[in-house]
Amino acid sequence: MAKLRELRASDRAALERAVRSTNAFREDEVEVALELIDAGTNPRSGYLFTVAVDENDLPVGYACWGLTPLSDGAYDLYWIVVAAREQGRGLGRVLLEHVVRDVRARAGRLVIIETSGKPEYAAQRAFYERCGCTLLARYPDFYRLGDDKLVYMVRL
Ligand SMILES: CC(C)(COP(=O)(O)OP(=O)(O)OC[C@H]1O[C@@H](n2cnc3c(N)ncnc32)[C@H](O)[C@@H]1OP(=O)(O)O)[C@@H](O)C(=O)NCCC(=O)NCCS
C-alpha cells in the first residue's frame, strides 16, 4: 500500500510520468501541473503537496491544494493524480482525505474542487461524488463550447 510523504524536487520526473500516464490532460495542462510541482518545492509558494509513493519510494500520485487568495478559510484543490497503473485501489481517496484533514487542521472551512463536465471526465465526477463531495455549480461552456465547469465542495 502506498504511503504519503512531502514533495521533493527529485520527484519531478516520476510525477510527470504519473500525470502523463493518466491521459487525462492536454499538453498545456501538463505544463501547468509541472509549474505547480516546481513552485511547490518552495515552502513559501503557498502550494501544499502530498506525494503518494510505492514501496521503493517512487512517486505514484499526488495532490496539490492551497488557500484561495483573499478568502478566509476556503481552499482550492488544484490537482489530484494517481498514476494509471495504481488507479482504482483507493489511493485517490487516501489523497483526498489527506487534503481534507490538512485543511481542517488549518481551520479551513471549505475545499473547492473544479472539474470538467465532459463525458470523458465521468470517472473524475464519480470519484468526487463517491468521496462525499457535493456538486455546487455548473458553468455551461466555461472551458470550451460543450465543456462545462463543475464546482464541487467539501464543507468542514
Ligand atoms: C480521479 C483519480 C484521482 C481517482 O483516483 P483512484 O485512486 O483511481 O480512486 P479510488 O480508487 O481512491 O476511488 C475512490 C472512489 O471513487 C470511485 N471511482 C474511482 N474511479 C472511478 C471510476 N472510473 N468510475 C466510477 N467510480 C470511480 C471508486 O469506486 C471509489 O469509490 P468506493 O470507495 O465507494 O468504492 C484518478 O483516477 C486519476 O488520477 N485520474 C486522472 C487524473 C485526473 O483527472 N484528476 C482529477 C482532475 S485534476
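Residues are numbered from 1 along each chain as its sequence is written, and side-chain values use heavy atoms, with hydrogens and water left out. Because the model is predicted, local features need pLDDT of at least 70 and side-chain atom pairs count only at pLDDT 80 or more, whereas totals for chains, interfaces and linings use all residues.

Helices (H or I, at least four residues) and strands (E, at least two) are DSSP runs numbered from the N terminus. Strand β5 spans residues 110-116, and six of its seven residues are buried, so the strand is largely enclosed by the rest of the structure. Buried denotes under 20% relative accessible area, exposed over 50%, and partly exposed the range in between (1.4 Å probe, protein chains only). Two strands are taken to pair if DSSP finds at least two bridges between them. Strand β4 (residues 74-82) pairs with β5 in the parallel sense over four bridges; Tyr-75 has Val-111 of β5 as its bridge partner. Strand β7 (residues 147-155) pairs with β5 in the antiparallel sense over seven bridges, and Val-154 of β7 is the bridge partner of Val-111.

Arg-17 is located in helix α1 (residues 12-21) and counts as exposed, at 52% relative accessibility. The C-alpha atoms of Arg-17 and Pro-59 are 9.4 Å apart, with a sequence separation of 42 residues.

The ligand is surrounded by 19 residues, the closest being Ile-80, Val-82, Gly-90, Gly-92 and Gln-124; the criterion is a residue heavy atom within 4 Å. On its own the ligand has 920 Å² of accessible area, of which the protein covers 74% (Shrake-Rupley method, 1.4 Å probe).

With a disulfide defined as a pair of cysteine sulfur atoms within 2.5 Å, the count is zero. Cys-131 is in no disulfide, its nearest cysteine sulfur being that of Cys-133 at 6.2 Å. For Cys-133, the closest cysteine sulfur is in Cys-131, and the 6.2 Å separation is too far for a bond. Cys-133 is buried, with a relative accessible area of 7%.
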